[in-house]
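Subject: Structure handover

Hello,

Please find the structure below. My notes on it follow.

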Amino acid sequence: MVCALRLKGISKAFSGVNAIHDVDFDVRPGEIHALVGENGAGKSTLIKIMSGIHQPDSGSIQINGYHRRLSSPREAFRSGIATVHQELLLFSELSVAENIFLGHARRNPIGGVDWGYMRTRARQILNELQSQDVHVDAIVGELSVANRQRVEISRALSLNPRVLIMDEPTAALTDADVQGLLRLVQRLRNNGVGIVYVSHRMPEIFALADRVTVLRDGRLVDTKPIGEMDQENLVSLMVGRSVDQLYPRASVARGTAILELRNTSCGNRVRDISFTLHAGEILGIAGLVGSGRTKLAHTIFGIAPPTSGTLLVGGQAVKIKTPTQARDLGIAYVPEDRGLQGLIRSQSIRRNFSLANLKQFATLGFIRHAAELKETQRAMVDLGIRARGTEQPVRQLSGGNQQKIVVAKWLAIKPRIIILDEPTRGIDGGAKAEIYKLITQLAEQGIAILLISSELPEVLGMSDRVLVMSRGRLVATFDREAATASCVGAAMIAP
């Protein structure tokens, strides 16, 4: 059978780091092909190549057996490929019909927009999706999330695609809306559309998919018919090798309680969370994107102060309303986006190092540059930061060295607690090993560490305990011995 879309030997790198390497993937007409992998496995990059957003560094693309170069999203549209992105690309102030035909509106004989055709065709598409309750003249911003999702799918179908790529289409839907969407996807398959279905939710994968492809660390692991897989096997393929081999670390005796949350909430994003973090402990937080992990970090650090509950630091109840208050209590936060939130990339290593604790280097409002320089040099030696010198702009450094500077900046305040949010995102394997070694050393010094990561092996390999979050709630807790890939992965994706 000729594939609707075939990718052969696709590779793509960003700033010298491989996002995907030598990946083969195809989808057949009338097939649902699931694409799975952990966050950072390369799924998003592969989707963007299929969508024409990125062009591969090497490899080939065939559509219906013919080689094509997808140089832009418009070229992908013309080739019969439509994408429903996880973040809906709709204009809330425009009508349903206007959103469906945005960018490819039909013209009348005198060059104006053929509004009558657009409204009629929009109605036809919505009827095909059994979405009769969505009016073509309704303003999109007034619709429910589920109905906005239907509008996004209708927009893709208005292009009459041969291939429809769906990236986490149920992430923001209620259970009832999910079931409706799954029926819709099955109808599209029955109509001969080839569907690339990306989801973390295992029940959806096994309910829909004909085949499944697993990516890990940017490489193809396997492609199999779904009937040859079960959930445990699939999770194992996604996670990979033994975590004991990947992340060996010495056990540290648990000290006194340093941080405690009691029924802590922050709106609907963090709901009724309770746990205790001890000195010398690495407490891992696992969960899917949108589960509330980063919001929990923001709540503890005062970026988004809690709306209810109690927070204790060193056994004392505290109210943290700003990051400054958190810092003064000995809490440090290494954010998930070091480039935007952790560093001023145009500035030097020295200036970035002193940002979190300028008062340490100031006298009567003036910076003591000699002291600042001395401490920066010491930190660079202690953390093994490789650079030409303290005055080198951080944007010129590797991702691993940039991450070490963010950590060094916060170690300068001599914290009792460090929150590490995605500490190894976007850095290579050698730099990851150095970060893991540093984390272990900090725990051995008695610092309490809250480790948030989308890489399940990282959480399992580094943590003394693992908490699992879903939809803003704490849904499971595992000791180190009980925290296996299967049980933690199952808790992450449980309905």
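For accessibility, buried means under 20% relative accessible area, exposed means over 50%, and partly exposed lies in between (1.4 Å probe, protein chains only). This is a predicted model, in which local features need pLDDT of at least 70 and side-chain atom pairs count only at pLDDT 80 or more, while totals for chains, interfaces and linings use all residues. Residues are numbered from 1 along each chain as its sequence is written, and side-chain values use heavy atoms, with hydrogens and water left out.

The sheet

Helices (H or I, at least four residues) and strands (E, at least two) are DSSP runs, numbered from the N terminus. Two strands count as paired if DSSP finds at least two bridges between them. On that basis there is an open sheet of 4 strands, antiparallel in its pairing, with the order 2-1-4-5. Strand 2 (17-27) and strand 5 (66-67) are at the edges with a single partner strand each, so one side of each has no neighbour in the sheet.

Strand 1 (residues 5-14) and strand 2 run antiparallel and are joined by 7 bridges. Ile10 has Val23 in strand 2 as its bridge partner. Helix 1 (residues 43-50) lies across strand 1, strand 2 and strand 4 (58-63), at about 120 degrees to strand 1. Here axes are lines fitted to C-alpha atoms, for helices over the stretch in contact, with angles from 0 to 180 degrees between N-to-C directions; contact means heavy atoms within 4.5 Å.

Salt bridges

A salt bridge is a side-chain nitrogen of Lys or Arg within 4 Å of a carboxyl oxygen of Asp or Glu. The structure has 19 of them.

Arg6 is partly exposed at 33% relative accessibility, whereas Asp26 is buried at 14%.

Asp26 also forms a salt bridge with Arg211, where the closest N and O atoms are 2.5 Å apart. Arg211 is in strand 9 (residues 211-216), 185 residues from Asp26. Both Arg211 and Asp26 are buried. Through shared partners, salt bridges join Arg6, Asp26, Glu31 and Arg211 into one network.

Lys8 forms a salt bridge with Asp24, with the closest N and O atoms 3.5 Å apart. Lys8 is partly exposed at 48% relative accessibility, and Asp24 is partly exposed at 29%.

Regards
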